[in-house]
Amino acid sequence: MNYPEDDQSDYDYGNYTYDNYTYGDDWVPPCSYQNNNSVERVVGPYIHSIICILGLVGNSLVIVTYAFYKRTKSMTDVYLLNVAVADLLFVATLPFIVYNELSAWSMGPVACKLLRGSYSVNLYSGMLLLACISTDRYIAIVQARRSFRLRSLPYSRIICAIVWTVAFLLSIPTFYFYNWYEPSHIGQIHMLEGREQNLTHILDDFLYKGQEENLTSRSPHSVCEFRFTDNNTAWTTKIAVPGIQLSVGFLLPLFIMIACYTAVIVTLLRARNFQRHKAVRVVLAVVVVFIACHLPYNMVLFYDTVTMFQLQSCGASDSVEVAKTVTQTIAYLHCCLNPVLYAFVGVKFRNHFRKIFQDLWCLGKRYIAPRRFSRVTSEVYVSSRRSVDGSSENGSSFTM
Amino acid sequence: MVSIKATAMVVTLTICLLAADTSAVYNECCRRYMKTKIPFALIKGYSVQTLTELCPINAIIFHTWKGKACTNPALKWVMDYVERLRNKAQIVHNRTSKLQN
């Protein structure tokens with residue numbers, strides 16, 4: 001690019017008439033991502049609270065079922081319980097993240113690190129556990145002969161421990177580089193005041209905040225974003241973190257799921273079982289929902305990561321941000337669908353689930369009933385406990 | 001029962017959190033640069049956008065009478081302007097400290 005050499009004319013600002021100076025389209029202000037802000041502010045909280053409530057209810061039910069009714073007997077049970085825990089933790093942090101995003105991270109630096117970090121841990125563990133479930137089903141159906149040896153309970157606990165460790169290790173950069181700060185290009189403005197009078201100029205380290213009219217009303221505005229000490233780390237990490245999320249948090253589970261479930265479907269279609277079509281449909285639903293939820297977000301994330309350092313117009317970068325916000329919400333939706341897709345499709349699980357409601361109904365009666373009927377209701381409760389549970393120590397957990 | 005109570009509490013908390021008054025947040029970033037030079041006379045001050053924070057590119061943002069302008073710190077005129085602004089500040093600093101001593 002060619003720029004005219006610095007002539008003295010613009011020193012002579014006494015005679016300079018910059019009122020006539022028009023730049024037209026070439027004036028480049030910083031992008032304010034207004035479309036994305038309005039999408040985040042209007043759509044974000046409402047849809048996120050629906051996701052949060054659905055996710056809390058669904059995943060709590062799965063955990064309650066495992067905790068009180070169904071002992072984790074198989075490898076699948078262990079995985080399903082862990083997925084529910086990961087999803088529950090995820091939706092539990094979601095409202096805090098949304099609130100902080102909209103309130104300039106008012107909860108401070110500790111919340112910033114914890115929320116960003118746990119978001120990352122739960123994302124990785126959730127995705128990797130879904131891949132584990134697919135391999136478990138592959139071993140159970142396709143490699144049925146070996147399944148007794150490979151699908152033991154201690155084995156699955158070790159695998160879950162490995163998954164959570166890997167998820168934690170992959171989240172270390174997030175824990176480390178996400179910081180709570182006020183961006184220096186917004187907070188530190190080096191102003192020359194009283195330009196015309198040529199009087200009070202200030203030093204770089206002597207900052208005047210709120211000199212401009214639009215700055216006076218501005219309160220300190222913090223963000224919870226990446227911050228680095230040098231350019232090279234910044235470059236590498238800004239590419240590496242979404243890169244690892246794309247590869248380990250999406251592509252790896254996707255390929256494992258496609259490979260395992262294809263083999264499962266082929267085996268099921270060969271089998272002479274009248275229930276096979278239902279099983280195939282369930283497997284297809286699991287894969288289709290996974291792709292529908294995560295593919296759009298990961299495509300936008302890939303595009304954003306590749307074009308991040310390129311120069312682009314505000315309109316284009318705003319569109320990418322809007323696409324990211326919308327597709328991320330779709331990806332979050334997967335947390336509410338997992339309990340339905342994995343746990344509640346099972347007949348046994350639905351039976352346990354029914355028992356929970358029966359017990360809750362009985363408990364509700366007990367609590368609502370007046371004191372004078374307490375003896376009667378406690379008898380009802382005890383009898384229900386006997387008939388529903390089978391094992392007495394489980395029922396005792398409900399006496400609280 | 002405990003878990004149901006806990007769930008109810010968390011749900012209420014969620015709704016309270018999300019319904020809370022939330023102020024507008026503006027994260028500004030320069031994503032490209034001015035192609036032409038700005039007259040020095042327009043400039044009121046500057047701020048520095050770095051890759052090491054949330055934005056993806058380095059930039060010098062000149063605060064002018066016409067608003068903010070994103071410029072490329074790799075260009076000579078941009079850094080000359082920054083230098084000039086700093087010098088002016090330094091001169092005033094020196095004068096002021098002489099007066100006070």
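Predicted model: local features only at pLDDT ≥ 70, side-chain atom pairs only at ≥ 80, totals over all residues.
Biologist: In what order do the elements of chain B run from the N terminus?

Modeller: Start with the tally. Chain B holds two helices and three strands. From the N terminus on, their order is α-β-β-β-α.

Biologist: What percentage of the residues of chain B count as buried?

Modeller: Buried means under 20% relative accessible area. Chain B has 101 residues. The share of them that counts as buried is 51%.

Biologist: How much of the accessible surface of chain B belongs to carbon and sulfur atoms?

Modeller: Take the total to begin with. The accessible surface of chain B is about 4,700 Å². Carbon and sulfur atoms make up 61%.

Biologist: Is H352(A) buried or exposed?

Modeller: H352(A) sits in helix α12 of chain A, residues 347–368. Beyond its neighbours within four places in sequence, H352(A) contacts T65(A), Y69(A) and K70(A). Its relative accessibility is 14%. The cut-off for buried is under 20%, so H352(A) counts as buried.

Biologist: Which residues touch the most other members of the largest nonpolar core?

Modeller: This core has 36 residues. Leaving out residues up to four places away in sequence, Y342(A) touches I133(A) and Y261(A), among others. The residues that touch the most other members are V62(A), Y79(A), I133(A), Y261(A), F290(A) and Y342(A).

Biologist: How many residues are in the other core, the one with L51(B)?

Modeller: That core lies apart from the largest one. Its members include L94(A), Y119(A), Y178(A) and L51(B). The count is 29 residues.

Methods:
Residues numbered from 1 in each chain as written. Chains lettered and ligands numbered in written order. Heavy atoms only, no water. Helix = DSSP H or I, 4+ residues; strand = E, 2+ residues; numbered from the N terminus. Buried < 20%, exposed > 50% of the residue type's maximum accessible area, 1.4 Å probe, protein only. Areas by Shrake-Rupley, 256 points an atom, 1.4 Å probe, with all protein chains shown as cover. Contact = heavy atoms within 4.5 Å. Core = buried A, V, L, I, M, F, W, Y, C linked by side-chain atoms within 4.5 Å.
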